[in-house]
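Q: I have a model open and want to read its packing. Where do I start?

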Amino acid sequence: MKASMSDFDLYMNDYQTAWRSEYLANQEEGSQLQKKHSWVLPRELWEEGLWSGIRNGHNSLPAYLIKEKVQKHDGVHNLKSSWMQCANLYFPFREDREILASFLQKYISPLIKTIDKVELEWAEDSPMLSPTALLGEPQGQRGKNQTSPDIAFIVNDGKGIVLTENKFTEHSFYTCSGYKKAYGNPDSQRCLELDKLYGDTTNRCYMFQWAKGKRTNRNYWNYLKLTEKGIATLKSCPAATAGYQLFRQQALAEALAQKGPYELVVSCVAYDARNITLVECLKNTGIDNFTTGWGSLFEGKVSFTTFTHQQWVQWVRENDYNNRHTDWLTYVHRRYGF
């Protein structure tokens with residue numbers, strides 16, 4: 001199963017189908033969005049997509065979801081699920097945090113010394129620092145109806161945090177809900193006129209106007225200030241057509257940096273190096289490569305960075321001196337081609 005593809009998503013359809021055929025007993029096609037696919041499991045068998053080391057036992061992911069009241073993504077039975085991939089790649093290292101800390105120190109920030117916690121669908125415990133309180137989002141829960149980073153690394157004795165969006169085969173960071181006419185925006189063209197929008201976000205960003213109806217007032221822009229380079233680079237609102245998740249995470253990170261207990265706050269993306277479509281998804285917004293372009297858009301206390309899943313797996317491969325992770329390395333190689 002060697003990688004030679006023009007479309008990473010289509011390639012991974014075949015890759016996951018082949019992996020399933022070789023390693024899973026059940027071959028029944030599951031359904032997602034009312035369509036059956038060979039790379040989708042029957043919904044009740046979603047745990048077969050997990051690495052065996054986190055299916056049960058003391059580091060059980062299903063038990064963690066119940067204990068922490070985390071809502072797993074709806075598509076976890078899809079073998080291409082980035083949520084499941086995130087769990088398979090990073091959740092196992094909740095108990096071997098030293099190797100993870102050394103990786104983050106190199107690829108995220110030299111200020112990172114230790115990792116205290118690794119949390120999926122993270123949210124602050126304090127109601128005053130919830131997405132509802134900070135961003136004006138509806139009352140949700142971890143993993144549902146609120147901005148919850150796929151994975152968060154709590155570092156330096158709780159004095160730092162790395163909020164991380166995890167991507168696999170996705171084509172973008174999705175379209176802003178406020179840009180869509182289906183949500184009531186009477187003039188989505190204003191989202192594409194950055195100079196007018198940025199000069200009057202309260203009146204021109206539809207997110208601020210949802211409070212007049214049944215939705216809450218999403219005040220993401222209150223925390224974000226564009227740099228001169230950002231103003232010169234952007235052709236539209238950075239959230240409008242393909243950067244919604246990045247925008248929300250940036251706003252949450254900046255809000256936490258301003259109002260939270262953290263000395264270090266990082267907004268981060270972990271992605272697959274083979275997914276060129278994702279890397280280039282913000283071209284129409286004015287950013288040719290999100291990994292190098294997004295971080296220069298905003299002023300503030302937050303830094304933005306990225307790393308690839310390939311870099312992480314290679315780090316473990318090179319630093320697993322006690323051969324603790326041999327089984328995991330074999331699994332992620334077979335499962336994802338890392």
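This is a predicted model: local features need pLDDT of at least 70, side-chain atom pairs count only at pLDDT 80 or more; totals for chains, interfaces and linings use all residues.

Q: Which residues touch the most other members of the largest nonpolar core?
A: Look at L61, L120, W312 and W328. The core has 55 residues. Helix 3 (residues 82-90) gives the most to this core, with six residues.

Q: What does L120 touch?
A: Leave out residues up to four places away in sequence. L120 then touches, among others, L61, Y64, V70, W83, C86, A87 and F91. R142, P149, D150 and I151 are also on its list.

Q: Which residues does the second core include?
A: L163, F247, A255 and V279 are among them. This core is separate and has 52 residues.

Q: Which residues of helix 4 are buried?
A: In helix 4 (residues 97-107) they are I99, L100, A101, F103 and L104. They pack against strand 3 (115-120), strand 4 (151-155), strand 9 (303-308) and helix 12 (309-319).

Q: How do I read the two faces of a strand?
A: In a regular strand the side chains alternate between the two faces of the sheet. Now take strand 7. L264, V266, C268 and A270 lie on one side, V265, S267, V269 and Y271 on the other, and all are buried.

Q: Why is strand 7 largely enclosed by the rest of the structure?
A: Because eight of the eight residues of strand 7 (residues 264-271) are buried.

Q: Which strands pair with strand 7?
A: Strand 5 (residues 160-166) pairs with strand 7 in the parallel sense, over seven bridges. N166 stands opposite A270. Strand 9 also pairs with strand 7 in the parallel sense, over six bridges. There, T306 is the bridge partner of V269.

Notes. Residues are numbered from 1 along each chain as its sequence is written. Side-chain values use heavy atoms; hydrogens and water are left out. A nonpolar core is a set of buried Ala, Val, Leu, Ile, Met, Phe, Trp, Tyr and Cys residues joined through side-chain atoms within 4.5 Å. Buried means under 20% relative accessible area, exposed over 50%, partly exposed in between (1.4 Å probe, protein chains only). Helices (H or I, at least four residues) and strands (E, at least two) are DSSP runs, numbered from the N terminus. Contact means heavy atoms within 4.5 Å. Two strands pair if DSSP finds at least two bridges between them.
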